[in-house]
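Hi,

Here is the structure I said I would pass on.

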Amino acid sequence: MGMGHGGLVAYVEAQIERDIALGRIHPSGQFGSEAKLARHYDVCRGTIREALRRLAARGVVVQRPGRKTRAVPLDESLTLENLGLALHDMHSPDARWLLEGYFSLRRQVLVELLSDCCARASKRDLDQLGSICFGLWDAARWESGAYCAQVEFELLRLAARVADRPGHVLLVQSLQRAFMVGAAQLLPLLGGEPLRQWVNCAKDALHDRDTRAIQHELPALMKAHDDLVLDAFAPVLQKHAPPERHLNAPASVPSKDEALDARPCLDDRGLGELEPVALPEDAGDARRDVPVRDDAEERCPGVASPQEEVLASGPPPPVGDACQSFTPTVVRTCVSSGGTVAGGALS
């Protein structure tokens, strides 16, 4: 069975509102003709006309005779009763910001009204408020979130009348419409033990006429419940901050392996990077070790110099032996008279 005309109009109204909120309309804000909109939403022109009329009554669009319907900018059309305009995009930071403002306003209204009731209400009125609190406390365990919201606004309306605040009666009506219609997607998130805790606090405070508990304990308990609803609907993106380093903490000392990796070593250069060394002609058959630059700033820690390696290797081999011995750190070359060394090769 399909939806009736009224349900279809509400559906199209919600779809047009969503398209406005998500910026899917023309940048000028103007809509096309009713016939074009009817084809786009696959409904008749009468349904489009009624949906636009409802949006105009809420201040979401503007209709003038002889002109095209135009959407009102969000910063102008966003009111308490149009709270749903900001909730179509749950990832928008404005959605959570506005919801936080809504919950804060509702907490302030309830605390102010219950404080006045404690100060001036009769015992009969306080008993009625306590009875509603007990019903809400019980509903938070067994009933749906929508039912809990209805009982909560019933408590607000009765508190406004008992405190003789007609302006607050109107404000409560707007708060209820904003939440039950504009923020209906939050209804399943209500209820549970956090709601029971603040309702129980309000019930006991009304019974004892404890204004201090209402003004100091009740807001914190209500905020704990509201924060859970906000986190479930629009989570805050947590940014991982780098670990803090105290000013007095000693700097980490690099290990030996890290020091070796950070400074160039002679061994890493390879044999091809040694420059040719020419021996003087009068050297005869004397054996000479090829000098390698012995600069403390250039060597890695723990690597011996070529001279130290020569001393540690014992007496040299007999003169004239045409031999070459290679070690991982030192190249020793036996040179005949008149020879030159180029990159460790005998020429």
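Of the 347 residues in the protein, 33% are buried (buried is under 20% relative accessible area, exposed over 50%, partly exposed in between, with a 1.4 Å probe and protein chains only). Before you read on: this is a predicted model, where local features need pLDDT of at least 70 and side-chain atom pairs count only at pLDDT 80 or more, while totals for chains, interfaces and linings use all residues. Residues are numbered from 1 along each chain as its sequence is written, and side-chain values use heavy atoms, with hydrogens and water left out.

Overall picture: the protein has 13 helices and seven strands (DSSP runs numbered from the N terminus, H or I of at least four residues for helices, E of at least two for strands). Among contacts with a separation of 6 or more, 66% are between residues 24 or more positions apart; contact means heavy atoms within 4.5 Å.

Now for a helix pair. Helix α5 (residues 93–120) packs with helix α9 (residues 193–208) at an angle of about 20°, and their axes are 10 Å apart. The axes are lines fitted to C-alpha atoms over the stretch in contact, with angles from 0 to 180 degrees between N-to-C directions. That makes α5 roughly parallel to α9 (under 35 degrees; over 145 is roughly antiparallel, 65 to 115 roughly perpendicular, the rest oblique). From α5, Leu110, Leu114 and Cys118 meet Trp198, Ala202, Ala205 and Leu206 of α9. By class, this contact of α5 with α9 has seven nonpolar residues, no polar and no charged ones (Ala, Val, Leu, Ile, Met, Phe, Trp, Tyr, Cys and Pro are nonpolar, Asp, Glu, Lys and Arg charged, the others, Gly among them, polar).

What about the cysteines? The structure holds zero disulfides, a disulfide being a pair of cysteine sulfur atoms within 2.5 Å. For Cys118, the nearest cysteine sulfur is that of Cys117, 7.1 Å away. Cys118 is also buried, at 4% relative accessible area. The sulfur of Cys133 has its closest cysteine sulfur in Cys201, 9.9 Å away and too far for a bond. Cys133 is buried too, with a relative accessible area of 1%.

Gln176 counts as buried at 19% relative accessibility. Leaving out residues up to four places away in sequence, Gln176 touches Phe153, Arg157 and Val181.

Cheers
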